[in-house]
Amino acid sequence: MKMITRILLLIFLPSVIARDLCKDGKDGYKVRLSIKTALGDEAYEWNESEMFLFRSSLAFAMRKYTQRETFDISNILVCNETKRVSFVFVVTSPNDSTKLIPKDHVASAVRQHKHRINSAFLLSDGTLEFVGIPPTLAAPITYSTQPWLIVFGVVIGAVAVGIVSLLMSTMTRRRRAADKGVDSGQEEEQMEGIVKGNGTSLTRLESKDGVYNQAFSNDERFTKL
Amino acid sequence: MSKEARPSWDSPMQFVLACVSYAVGLGNVWRFPYLCQMHGGGGFLIPYLLMLVLEGIPLFCMELAIGQRMRLGSIGAWTAISPYLGGLGIASVVTSVYLCLYYNIINAWSFWYLFHSFQPVLPWSECPVNSNRSGYVQECEVASPTQYFFYRETLNVSSSIDENGGVHMGLALCLLLAWVIVFLFIVRGVKSTGMVVYFTATFPYLVLIIYLIRGFTLHGAWNGVKYMFTPKLEQLANPQTWINAATQIFFSLGLGFGSLIAFASYNHQNNDFEKQAVAVSLINSSTSVFACMVTFAIYGFKATLNYESCLERMRVLLLNTFGLSESDVSIDNVTVWISHLNHTNPEMFATIASKIEVCSLEAELDTAVEGTGLAFIVYSEAIKNMPVSQLWSVLYFIMLLLLGMGSMLGNITAIITPLGDLKILSRTFSNETLNGLVCLVCLLLGLGFTTRSGSYWFTMFNDYGATLSLLFIVLFEVVSVCYIYGLKR
């Protein structure tokens with residue numbers, strides 16, 4: 001009987017110690033998963049296998065962070081599981097299972113490999129939260145030339161070409177008209193869009209001096225409605 | 001200019017389109033929906049249409065009549081009636097100068113937004129990341145990404161009107177582009193303007209129709225449209241409603257600036273302007289109502305989105321605090337759960353009581369915004385949530401640009417037509433040089449609005465620059481036409 005109790009004690013002692021280490025909670029982090037929010041209909045059930053995956057991915061992160069110490073899945077202790085799918089975890093040192101890895105080391109390890117951990121669970125920074133470890137946001141895209149300047153350059157170039165061509169055509173038309181005016185001295189200069197007068201009293205009136213008040217004119221020439 | 005006959009529109013259609021392009025401006029899009037919301041939705045249409053018939057169409061007719069009869073810009077036209085009335089024309093020109101100075105800044109902002117839409121991720125959809133990539137920039141966290149983009153990255157606004165920061169180079173470039181385009185449109189006078197108005201008058205309608213279809217198919221748009229069409233007839237008893245309807249008709253049609261006189265002065269004498277005046281006024285008002293429907297569809301979409309994200313935030317708060325399973329609490333029963341948990345677990349509930357928000361769709365719909373806030377913040381926020389947002393953004397800002405440019409054409413024509421009629425100036429400078437000089441001067445003065453305190457100056461000019469003087473101008477116009485010129489003529 002005594003043998004059996006001693007054996008039983010020896011078997012359960014590590015897990016008791018482990019649970020105590022985890023429940024002390026000073027060096028632990030709370031984790032929250034929002035699987036249904038992220039995946040909707042394709043959400044998977046949270047069970048022992050998923051927890052195994054979590055512990056192994058965290059051990060992986062710790063291994064890559066320290067680069068020499070071989071963390072094992074037994075070094076990741078989990079407690080306080082809820083239906084929300086949230087729990088608290090602590091990391092013990094591989095050399096001494098009663099010693100915990102300090103918080104900031106765990107935090108740095110998680111931050112460096114958050115992307116890998118997210119991918120393992122098909123989640124993102126918003127849906128897999130480590131309470132107290134802010135995610136590293138993606139770096140902003142930097143362009144060698146701002147794209148808006150390119151579009152601006154294209155548009156203002158096109159407008160400048162338009163203006164220059166319009167001004168050129170006006171000037172050539174003026175020069176042509178000036179040459180014509182020199183040849184036939186009596187005729188009026190032709191500007192675009194004018195119905196040429198047929199020598200009515202109106203045109204003769206315009207060549208006289210004085211202020212011409214069009215309010216009192218009778219412009220019967222223009223009958224177009 | 002005195003030796004040649006006056007240039008004229010190629011066809012009466014060009015004149016009508018020019019008037020439509022001038023009258024249908026940004027005010028139809030961002031002021032009318034606000035007024036509609038403030039004064040009881042569909043019920044506001046009653047005073048609006050009444051004022052249109054009593055005030056809008058007659059004054060519009062009058063200005064067209066003067067311009068067409070006198071065949072001169074505003075200074076010349078009034079001087080022709082009586083030399084003492086020349087001051088009226090000068091007042092119109094000065095008001096138009098004020099307007100030209102500050103109105104093109106809106107086009108500059110539209111260009112800025114338009115050019116920034118050509119990116120894989122719209123810059124106003126996300127906050128920029130702070131220096132150590134641990135979170136977002138503090139200013140952006142407190143406000144929203146769209147507000148941050150408008151006030152910080154577009155305007156770089158300073159804290160008060162006294163602090164004059166430097167000129168925002170990007171905005172200055174956009175302002176330069178806006179003025180260069182205006183110059184391109186008016187360089188040949190009425191000939192070039194006439195070509196352009198075919199496009200600036202019709203394309204915005206195309207975009208509005210596309211947006212109407214897109215808007216009505218958005219999730220939650222129906223809430224907004226229903227809100228608009230349920231009339232609150234008790235607002236009709238409020239005198240402010242009638243005053244606002246009168247002023248909206250007045251400014252929407254653009255009376256008193258001299259632009260209508262200038263446009264009509266290029267008409268042939270026998271042009272039937274009365275029918276055209278009625279047509280343009282009706283087109284203007286129906287565009288306002290049309291834009292109102294689109295805006296309310298967008299409002300409904302945005303309000304529903306905010307309401308649902310508020311519920312989602314509450315749901316996550318409950319899940320995290322009480323450790324419930326995700327499938328228990330859904331968006332629909334959040335409010336039920338809140339009251340339930342308040343009863344069963346009051347101590348724990350008290351810890352999050354400060355974070356609990358009351359989510360209400362009505363409250364979201366009641367937030368009325370007008371002016372630049374509506375056009376650049378609310379709309380861009382709605383656009384960033386649509387699929388293929390770059391396309392919708394480009395379409396929307398092109399529409400804003402065309403509306404703004406169309407109104408600018410009218411205002412700048414109101415300045416260059418009287419100046420071109422002045423014999424002194426037209427003898428020394430050619431037509432094109434005069435137009436170019438006017439644009440250059442306005443550009444240089446307008447650079448003041450691109451400084452860091454520029455938006456405060458803009459608000460001042462927008463609210464006070466033209467409003468009171470226009471009322472006086474039009475009053476004098478009516479008096480002089482009725483009594484001095486004689487109604488019979």
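**Close-up views of chain B**

**View 1. A polar contact links N284(B) and N28(B).** The side chains of N284(B) and N28(B) are joined by a polar contact of 2.8 Å. The model shown here, as in the views below, is predicted. N284(B) lies in helix α14 of chain B. With a relative accessibility of 2%, N284(B) counts as buried, because buried means under 20% relative accessible area. Apart from neighbours within four places in sequence, N284(B) is in contact with A23(B), V24(B), N28(B), S252(B) and L253(B).

**View 2. A23(B) sits in helix α1 of chain B.** This helix covers residues 12–23. A23(B) is buried, and its relative accessible area is 4%. Once neighbours within four places in sequence are set aside, the residues in contact with A23(B) are N28(B), S252(B), L253(B) and N284(B). N284(B), from View 1, likewise has A23(B) in its own list of contacts.

**View 3. Residues of chain B carry the UniProt feature "binding site".** The UniProt entry, which is unreviewed, places this feature at A23(B), V24(B), N28(B), S252(B), N284(B), L403(B) and S407(B). These residues span 385 residues in sequence, but no two of their C-alpha atoms are more than 12.5 Å apart, so they gather at one spot.

**View 4. Helices α10 and α14 of chain B pack against each other.** Helix α10 runs over residues 190–216 and helix α14 over residues 273–322. The angle between them is about 30 degrees, and their axes are 9 Å apart. The crossing of α10(B) past α14(B) is left-handed. On the α10(B) side, the residues that meet α14(B) are Y205(B), L208(B), I209(B), Y211(B), L212(B), G215(B) and F216(B). Their partners in α14(B) are I283(B), T287(B), F290(B), A291(B), M293(B), V294(B), A297(B) and I298(B). Sorted by class, this contact has 13 nonpolar residues, two polar residues and no charged ones. Helix α14 of chain B is also where N284(B) is found.

**View 5. S455(B) is placed in helix α22 of chain B.** Helix α22 comprises residues 454–465. Is S455(B) buried or exposed? S455(B) has a relative accessible area of 13%, and is therefore buried. Leaving out neighbours within four places in sequence, S455(B) is in contact with L155(B), V157(B) and F449(B).

Methods: Residues are numbered from 1 along each chain as its sequence is written. Chains are lettered from A and ligands numbered from 1 in the order in which they are written. This is a predicted model: local features need pLDDT of at least 70, side-chain atom pairs count only at pLDDT 80 or more; totals for chains, interfaces and linings use all residues. Side-chain values use heavy atoms; hydrogens and water are left out. Axes are lines fitted to C-alpha atoms, for helices over the stretch in contact, and angles run from 0 to 180 degrees between N-to-C directions. Helices (H or I, at least four residues) and strands (E, at least two) are DSSP runs, numbered from the N terminus. A crossing is left-handed if the near helix is turned anticlockwise from the far one by less than a right angle, and right-handed if clockwise. Contact means heavy atoms within 4.5 Å. Ala, Val, Leu, Ile, Met, Phe, Trp, Tyr, Cys and Pro count as nonpolar, Asp, Glu, Lys and Arg as charged, and the others, Gly among them, as polar. Buried means under 20% relative accessible area, exposed over 50%, partly exposed in between (1.4 Å probe, protein chains only). UniProt positions are given in the numbering used here, feature names are shortened, and annotations may be inferred rather than shown by experiment. A polar contact is a pair of N or O atoms within 3.5 Å; within protein, one must be able to donate a hydrogen and the other to accept it, and residues adjacent in sequence count only if both atoms are side-chain atoms.
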